[in-house]
Structures are given as C-alpha cells and as structure tokens.
Amino acid sequence: QVQLVESGGGLVQAGGSLRLSCAASGSIFSINIMGWYRQAPGKQRELVATITSGGSTNYADSVKGRFTISRENAKNTVYLQMNSLNTEDTAVYYCAAKGQGWYWGQGTQVTVSS
C-alpha cells in the first residue's frame, strides 16, 4: 500500500501562484509514476501532469507553460508549481501514484478568484 498526503492548496487571485506538495509513504519502492489530477465541480477528473521515476514529464495542454511538476526522491515528494493561475484552474487537486495499482491522495482545494 501507498499513502499520499497533499498540501499547499488555498485561495489565490488570478495571475497568482501556488505550489502543491505530495508526500508518499508505504510501499514507495513500487511507484513508477506520480502525478496530479484535478476535478472541478460538475466535471470529470482530468490529468494535470505526471512524472516518471526517470524524470520524464507529461502535461495537459491547458497547463503547459504554466505548471511544472517535479519530484524530490530523497523526500519521496512530488511538487506541482502552478503559475499564472486563472479561474478555470479552480478544482480539487489529487495526487496520484502508480505502482502495483493506482493510489490517490485525499485532495486539496485550489480556488482562483477573478
């Protein structure tokens, strides 16, 4: 089993920045991909960004150039730096990890005000 704990969400004005963190514990040796997903009210959960154990990254088109995913292996932590936020980024952001199965964090709310 893998446990994921997110932090860093909150309220920010449009154009501002936030950094999300996700700390993994448990059977972390099995993890090969970590990432962030988000779900806005009334919408399906969608991919934001992923990063492999080798450092390869993938981003949704809507966040390319604004968001950066990174990982700190020594701390078993993955980060999502979000810049130039707009109101369409408002959502609950979930950390995810893929090992023997998919594991999910509890989610952290990001609200961008106009």
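Buried means under 20% relative accessible area, exposed means over 50%, and partly exposed lies in between (1.4 Å probe, protein chains only). This is a predicted model, in which local features need pLDDT of at least 70 and side-chain atom pairs count only at pLDDT 80 or more, while totals for chains, interfaces and linings use all residues. Residues are numbered from 1 along each chain as its sequence is written, and side-chain values use heavy atoms, with hydrogens and water left out.

**View 1. The largest nonpolar core holds 30 residues.** A nonpolar core is a set of buried Ala, Val, Leu, Ile, Met, Phe, Trp, Tyr and Cys residues joined through side-chain atoms within 4.5 Å. Leu-4, Met-34, Trp-36, Leu-80, Met-82 and Tyr-93 touch the most other members. At least two core residues come from each of strand 1 (2-7), strand 3 (18-26), strand 4 (33-39), strand 5 (46-52), strand 7 (67-72), strand 8 (77-82), strand 9 (91-98) and strand 11 (108-113). Strands (E, at least two residues) are DSSP runs, numbered from the N terminus, as are helices (H or I, at least four).

**View 2. Leu-4 and its contacts.** Contact means heavy atoms within 4.5 Å. Residues up to four places away in sequence are not counted here. Leu-4 then touches Cys-22, Ala-23, Ala-24 and Met-34, among others. Its contacts also include Cys-95, Ala-96, Ala-97, Tyr-103, Trp-104, Gly-105 and Gln-106.

**View 3. Salt bridges join Arg-38, Glu-46, Arg-66 and Asp-89.** Side chains of opposite charge can pair when their charged atoms come close. A salt bridge is a side-chain nitrogen of Lys or Arg within 4 Å of a carboxyl oxygen of Asp or Glu. The count by this rule is four. Glu-46 and Arg-38 meet at 2.7 Å, N to O. Glu-46 is partly exposed at 36% relative accessibility. Arg-38 is buried at 6%. Arg-66 pairs with Asp-89, their closest N and O atoms being 2.8 Å apart. Arg-66 sits in the loop between strand 6 (57-59) and strand 7, and Asp-89 in the loop between strand 8 and strand 9, so this pair ties together parts that are 23 residues apart in sequence. Both partners are buried: Arg-66 has a relative accessible area of 15%, and Asp-89 has 1%. Shared partners link Arg-38, Glu-46, Arg-66 and Asp-89 into one network.

**View 4. Asp-61 and Lys-64 form a salt bridge.** Their side chains meet at 3.1 Å, N to O. Asp-61 is exposed, at 65% relative accessible area.

**View 5. The largest pocket has a volume of about 180 Å³.** On a 1 Å grid over the protein atoms alone, a pocket is an open set of points where a 1.4 Å probe fits, with protein on both sides within 12 Å along at least five of seven lines; lining residues have an atom within 4 Å of a point. Grid points are joined across faces, edges and corners, and the volume is the space filled by probe spheres set on the points. Arg-38, Gln-39, Ala-40, Lys-43, Gln-44, Glu-46, Ser-62, Arg-66, Asn-86, Glu-88 and Asp-89 line this pocket. By class, the lining has one nonpolar, four polar and six charged residues. Ala, Val, Leu, Ile, Met, Phe, Trp, Tyr, Cys and Pro count as nonpolar, Asp, Glu, Lys and Arg as charged, and the others, Gly among them, as polar.

**View 6. Asn-76 and Ser-84 have positive phi values.** Most residues other than glycine have a negative phi. Phi of Asn-76 is about 50°. Asn-76 lies in the loop between strand 7 and strand 8 and is partly exposed at 29%. Phi of Ser-84 is near 50°. Ser-84 belongs to the loop between strand 8 and strand 9 and is partly exposed at 43%.

**View 7. Gly-99 touches Ser-30 and Ile-31.** Residues up to four places away in sequence are left out of this list. Gly-99 lies in the loop between strand 9 and strand 10 (102-104). Gly-99 is buried, at 13% relative accessibility. Gly-99 and Ser-30 are 69 residues apart in sequence, yet 4.7 Å apart in space, C-alpha to C-alpha.

**View 8. Arg-71 sits in strand 7.** Arg-71 is partly exposed at 23% relative accessibility. Leaving aside neighbours within four places in sequence, its contacts are Asn-32, Met-34, Ile-51, Thr-52, Ser-53, Thr-77 and Val-78. The C-alpha atoms of Arg-71 and Thr-52 are separated by 9.2 Å.
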